[in-house]
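We'll hop from one spot to the next.

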Amino acid sequence: MNHSPQAWGRPRDDVYGAYDPSFLHSNVPKAHTSSPIVTGTSVLAVKFKDGVVIAADNLASYGSLARFTDVKRLRTFNRCAVVGFGGDVSDMQYLDRLLLSLDIEETYGSSGHDLNARNLHTYLAKVMYKRRSDINPLWNQLLVAGLDGDDQPFLSSVDLLGTTFSSPTLATGFGAHLAQPLLRKIVDDEAQVASVTREQAINAVRECMKVLFYRDARSLDKYSIAVITKDAEVELKEDEKLENQVWAFAEMIKGYGTQTV
């Protein structure tokens, strides 16, 4: 009897024939992720006169299952930037490790300069475009919020193709359809940013998070919100709860249209 540890658990050769390891050496081409599995939904952000507000709920969905309810999708960087992650959670964790390494390198480097939000956005855009060019994209859409080199509010996005876009209000996922129209009511263009207060921006984002919880099946009523300003730097709250929910409107909804009962 063969007592070699390499043979433990294998069927007996004299009964089933010799073990054939050829299936381990297949010639199938290397495959990358073609669709995300565990995902986060919307990230919202809006500029105001002194900074930026950004928010994202704490849910990571396994397909259509609300599987993980304590996944923080906002990451702070230095004193003047926050990155919001939508899309695949494993790719988010990879980018988080990448940003941590960059932060350590910049903190203990000898240059004497810190990366601001604009620098960080440029770096992430290059990373996303490089991975896309390798036909191995990171399945995320990112919002970078914070202050630029002149301590002015900065808000921009980058997607899995490396495409960038800037606006006074931005949203990913379902938020691009449901939250953007509400945010644009208070900030429609850059000229209106100077007239928006911190309280107005925070209230608008909180209201949008409530609408997304009503309408988006992949959202949650627990969320994280960050406010970035020149004076107070980054104020991050990670376990906020939606308040004053009103579901009376649901009684009037019929099917998927706008009909009333």
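Predicted model: local features only at pLDDT ≥ 70, side-chain atom pairs only at ≥ 80, totals over all residues.

Residues are numbered from 1 along each chain as its sequence is written, and side-chain values use heavy atoms, with hydrogens and water left out.

Stop 1: Select 74–77 and 81–88, strands E6 and E7, which run antiparallel and are joined by four bridges. Helices (H or I, at least four residues) and strands (E, at least two) are DSSP runs numbered from the N terminus, and two strands pair if DSSP finds at least two bridges between them. Click Leu74 and look across to Gly84, its bridge partner in E7. Three residues sit between the strands, and Asn78 in this hairpin takes a positive phi near 55°.

Stop 2: Most residues other than glycine have a negative phi. Ile135, not a glycine, has a positive phi near 55°; look for Ile135 in the loop between helix H3 (117–133) and strand E8 (140–147). Buried or exposed, which is Ile135? Ile135 counts as exposed, at 64% relative accessibility (buried means under 20% relative accessible area, exposed over 50%, partly exposed in between, with a 1.4 Å probe and protein chains only). Then go to Asp151, whose phi is about 60°, in the loop between E8 and strand E9 (153–158). Asp151 is partly exposed at 25%.

Stop 3: Next, pick the lining of the largest cavity, including Thr41, Asp57, Met209 and Phe213. H6 gives the largest share of that lining, three residues, around about 30 Å³ of space.

How these are found: on a 1 Å grid over the protein atoms alone, a cavity is a set of points where a 1.4 Å probe fits but cannot get out; a pocket is an open set with protein on both sides within 12 Å along at least five of seven lines; lining residues have an atom within 4 Å of a point. Points are joined across faces, edges and corners, and a volume is the space filled by probe spheres set on them.

**Stop 4: salt bridges.** The structure holds 11 salt bridges, each a side-chain nitrogen of Lys or Arg within 4 Å of a carboxyl oxygen of Asp or Glu. Show Asp96 and Arg75, whose side chains meet at 3.0 Å, N to O. Asp96 lies in helix H2 (residues 89–107) and Arg75 in strand E6, so this pair ties together parts 21 residues apart in sequence.

Which residue pairs with Asp148? Select Arg118: the two side chains meet in a salt bridge of 3.6 Å, N to O. Asp148 is buried, with a relative accessible area of 10%, while Arg118 is partly exposed at 43%.

Last, select Asp221 and Lys241, with their closest N and O atoms 3.2 Å apart in a salt bridge. Asp221 sits in the loop between H6 and E12 and Lys241 in strand E13 (residues 233–241), so the pair ties together parts 20 residues apart in sequence. Asp221 is buried at 15%, whereas Lys241 is partly exposed at 49%.
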